[in-house]
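Subject: A structure for you to look at

Hi,

I am passing on a structure that will be new to you. Please have a look at it first, and then read my notes below.

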Amino acid sequence: MSLSSNSQAIEQLKWQKFPVLNDGFVCLVDCMGDDAAVVQAARVSYGEGTRQRSDDRTLIRYLLRHRHTTPFEMAELKFLIRVPMDCWRQWIRHRTASVNEYSTRYSVAIDSMQTTSPGEWRTQAVQNRQGSGIELPIDLGDKLTAEEHHFQHQARQLYLQRLEAGVAREQARKDLPLSTYTEAYWKIDLHNLLHFLALRSDEHAQAEIRAYAQTIGEQIVAKLFPVAWEAFGDYRVRSLNLTALDVGVIQRLMVRLRPSQSSTWSEEDFLAAQDPSWLPLPRSRERDECRAKLVRLGMLPAESPEAQ
Ligand SMILES: Cc1cc2nc3c(=O)[nH]c(=O)nc-3n(C[C@H](O)[C@H](O)[C@H](O)COP(=O)(O)OP(=O)(O)OC[C@H]3O[C@@H](n4cnc5c(N)ncnc54)[C@H](O)[C@@H]3O)c2cc1C
């Protein structure tokens, strides 16, 4: 299979603002390269011989599966994004991008904040100390949303009053909430973009930044790099990484008989087959992660109380 150019898709996507959250967006500014650029770079390394042995799609899939990174660095994408400051703080940790951000020293801060509707407030997760749990009741959500509206309005008023009183913009901004939107140009190569998307669309990432990652991936990357995107789904996003300890658990489970009439092993079997280093631990994140993988493989029942 040979690859078609994405120049038409680039023209269609450029400057189209894909909405995210209440007032955020992602927008493709420019793109250099396509699936063919990845293949072209790889063939320099591997020579013409690869043309006989693998077609273009197969080669991209091989490269991604085997973590050959540099061919994917040959393509670059530039975005304009509008994102609340708390998401941006996470986003900017990805050091392999080039960034120019709206300056609230030069200009008045963007008059927009991320709002949360009554049904969107989440509880603190019990297991994952960084994450969210379930939705909060709607009547509490109503109250939280009303308070948020009041607070955001007050914070903006205070900011504007400071500016009017002659306070420097760089100082007046200090009490603006993290929900305030910022805008930035963000340029990154395809390899590091896929790395960003893998981390930030994962279920462990915060819902708000996941919304951005999913929009970039599904609305833009999928259309510009269909073959690389398909391989990324197959070999990264929907793949399963088994550690040496996980393999040991599976090997020990395989020699135990499954309970009769059951297509899965039991929680008891799992605990008996667990890695010896987890045994003394009342709580083990690694054990929980291993259990979740076995549930995904259909080896343990999804209803296992600890897997919740
Ligand atoms: C779910 C989640 C939770 C997180 N929680 C926290 C947290 O609690 N606290 C916190 O501080 N951070 C946290 N982070 C941020 C995380 O630790 C990384 O800083 C962030 O995801 C960027 O990843 P990266 O360094 O791989 O990406 P990039 O900065 O884009 O780098 C890509 C790759 O380039 C290489 N690289 C880049 N720069 C260097 C360098 N200077 N030296 C060597 N190699 C380099 C590395 O191989 C790196 O993986 C979290 C991230 C996620 C996804």
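A word on terms before the sheet: two strands pair if DSSP finds at least two bridges between them. Strands themselves are DSSP runs of E with at least two residues, while helices are runs of H or I with at least four residues, and both are numbered from the N terminus. With that in hand, strand 2 and strand 3 run antiparallel and are joined by 7 bridges.

Two notes on the source. This is a predicted model, in which local features need pLDDT of at least 70 and side-chain atom pairs count only at pLDDT 80 or more, while totals for chains, interfaces and linings use all residues. Residues are numbered from 1 along each chain as its sequence is written.

**The chain as a whole**

The protein chain holds 13 helices and 7 strands, and its C-alpha trace spans about 75 × 55 × 30 Å along the principal axes. Of its 308 residues, 25% count as buried, meaning that 20 or more other C-beta atoms lie within 10 Å of a residue's own; exposed means 12 or fewer, partly exposed is in between, and C-beta atoms are placed from the backbone.

The chain is divided into domain 1 (7-106 + 180-237), domain 2 (118-175) and domain 3 (244-307), with bounds that come from an automatic or database domain assignment. The C-alpha centres of domain 1 and domain 2 lie 30 Å apart. Between these two domains, 4 residues of domain 1 are in contact with 6 residues of domain 2, where contact means C-beta atoms, placed from the backbone, within 7 Å.

An open sheet of 5 strands has the order 1-2-3-7-4, with antiparallel pairing. Strand 1 and strand 4 (98-101) are at its edges with a single partner strand each, so one side of each has no neighbour in the sheet. From one strand to the next, the twist averages 20°.

Strand 1 (residues 17-20) is joined to strand 2 (residues 24-32) by 4 bridges, and P19 stands opposite F25. The hairpin of these two strands has 3 residues between them, and L21 takes a positive phi near 55° there. Further along, L28 stands opposite F79 in strand 3, and C27 has L80 as its bridge partner in strand 3.

**Helix 8**

Helix 8 packs on the sheet, touching strand 3 and strand 7, and its direction makes about 130° with that of strand 7. (Axes are lines fitted to C-alpha atoms, for helices over the stretch in contact, and angles run from 0 to 180 degrees between N-to-C directions.) The buried residues of helix 8 (residues 190-200) are L190, H191, L193, L194, F196, L197 and R200. Their cover includes strand 3 (76-84), strand 7 (181-189), helix 9 (207-224) and helix 10 (226-237).

Around the ligand are R93, H94, R95, T96, N192, H195, L199, H204 and A205, each with its C-beta atom, placed from the backbone, within 6 Å of the molecule.

G131 lies in the loop between strand 5 (122-124) and strand 6 (132-135). Why does G131 count as partly exposed? The reason is that G131 has 15 C-beta neighbours inside 10 Å. Leaving aside neighbours within four places in sequence, G131 is in contact with A125 and H204. The C-alpha atoms of G131 and E203 are separated by 9.2 Å, although these residues are 72 apart along the chain.

Happy browsing!
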